[in-house]
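Here's a quick tour for anyone meeting this structure for the first time. Have a look at it below, then read on.

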Amino acid sequence: PGAFGTLVKASRVKASRSTTDDNGAVTVSEDWDFAAASGEHMQLHVKYLRAPANRSTGETRFYNPADPAQLRIFRTETATDITRNVTTMPPDRVKEFSFSAGGGRIAPLFDGSEKPLSWDAQPSYLRAILMP
């Protein structure tokens, strides 16, 4: 159930990813579909034109919402390809996008009015988890 006991196991998982190369212009298409026995579900479809990724490192602290004295520290090295972002306005390379989620414990979080702010592909992600 995750570090803080808040995750729900998906009883059904479907994921597919494909790439096509048209004279060096690489298009990536991804589909993700998760569902839990308790009713939670998420579906995502995205198709975008790939570009070189930006490399970065960082540290994030995740506190247990039920007991803030418990925490996990994530140290990461990532490569991120920002394919669309509504605040920094890089060239828009997202060709198709759809997302839906709901049911069970997450139903109050998703009413259909959600608006994504950034579409980011992470072709490389290295993470170390520390428990102080």
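## Pockets, strands and sheets

The second largest pocket has a volume of about 320 Å³. Of the 17 residues lining the second largest pocket, Glu30, Tyr48, Asp120, Ala121 and Gln122 sit closest to its centre. Before we go further: this is a predicted model, where local features need pLDDT of at least 70 and side-chain atom pairs count only at pLDDT 80 or more, while totals for chains, interfaces and linings use all residues. Residues are numbered from 1 along each chain as its sequence is written, and side-chain values use heavy atoms, with hydrogens and water left out.

**How the pockets are defined**

- On a 1 Å grid over the protein atoms alone, a pocket is an open set of points where a 1.4 Å probe fits, with protein on both sides within 12 Å along at least five of seven lines; lining residues have an atom within 4 Å of a point.
- Grid points are joined across faces, edges and corners, and a volume is the space filled by probe spheres set on the points.

**The second largest pocket**

- Strand 3, strand 5 (71–85) and strand 7 (118–130) each give at least two residues to the lining of the second largest pocket.
- Strand 7 makes the largest share of that lining, with 6 residues.
- By class, the lining of the second largest pocket splits into 9 nonpolar, 3 polar and 5 charged residues (Ala, Val, Leu, Ile, Met, Phe, Trp, Tyr, Cys and Pro count as nonpolar, Asp, Glu, Lys and Arg as charged, and the others, Gly among them, as polar).

**The largest pocket**

- The largest pocket has a volume of about 500 Å³.
- It is lined by 18 residues, and those closest to its centre are Val8, Phe34, His41, Met42 and Ile106.
- Strand 2 (25–35) and strand 3 are the elements that give two or more residues to the lining of the largest pocket, and strand 3 has the largest share, 4 residues.
- The lining of the largest pocket counts 12 nonpolar, 3 polar and 3 charged residues.

**The chain as a whole**

- The chain has 0 helices and 7 strands (these are DSSP runs numbered from the N terminus: helices are H or I with at least four residues, strands are E with at least two).
- Along its principal axes, the C-alpha trace spans about 50 × 35 × 25 Å.
- Of the 132 residues in the chain, 23% count as buried (under 20% relative accessible area, with a 1.4 Å probe and protein chains only).
- Take the contacts between residues at least 6 apart in sequence: 59% of them join residues at least 24 apart (contact means heavy atoms within 4.5 Å).

- Strand 1 and strand 2 run antiparallel and are joined by 11 bridges, with Thr19 standing opposite Val28 in strand 2.
- Strand 1 and strand 2 form a hairpin with 2 residues between them, and Asn23 in the turn has a positive phi of about 55 degrees.
- Strand 2 also pairs with strand 3 in the antiparallel sense, over 9 bridges; Trp32 has Leu44 in strand 3 as its bridge partner.
- The hairpin of strand 2 and strand 3 has 5 residues between the two strands, and Gly39 in the turn has a positive phi of about 105 degrees.
- Strand 3 (residues 41–49) pairs with strand 6 in the antiparallel sense over 8 bridges, and here Leu44 stands opposite Phe99 in strand 6.

- Strand 4 and strand 5 pair in the antiparallel sense over 10 bridges, and Arg55 stands opposite Ala79 in strand 5.

Notes:
Pairing = 2+ DSSP bridges. Buried < 20%, exposed > 50% of the residue type's maximum accessible area, 1.4 Å probe, protein only.
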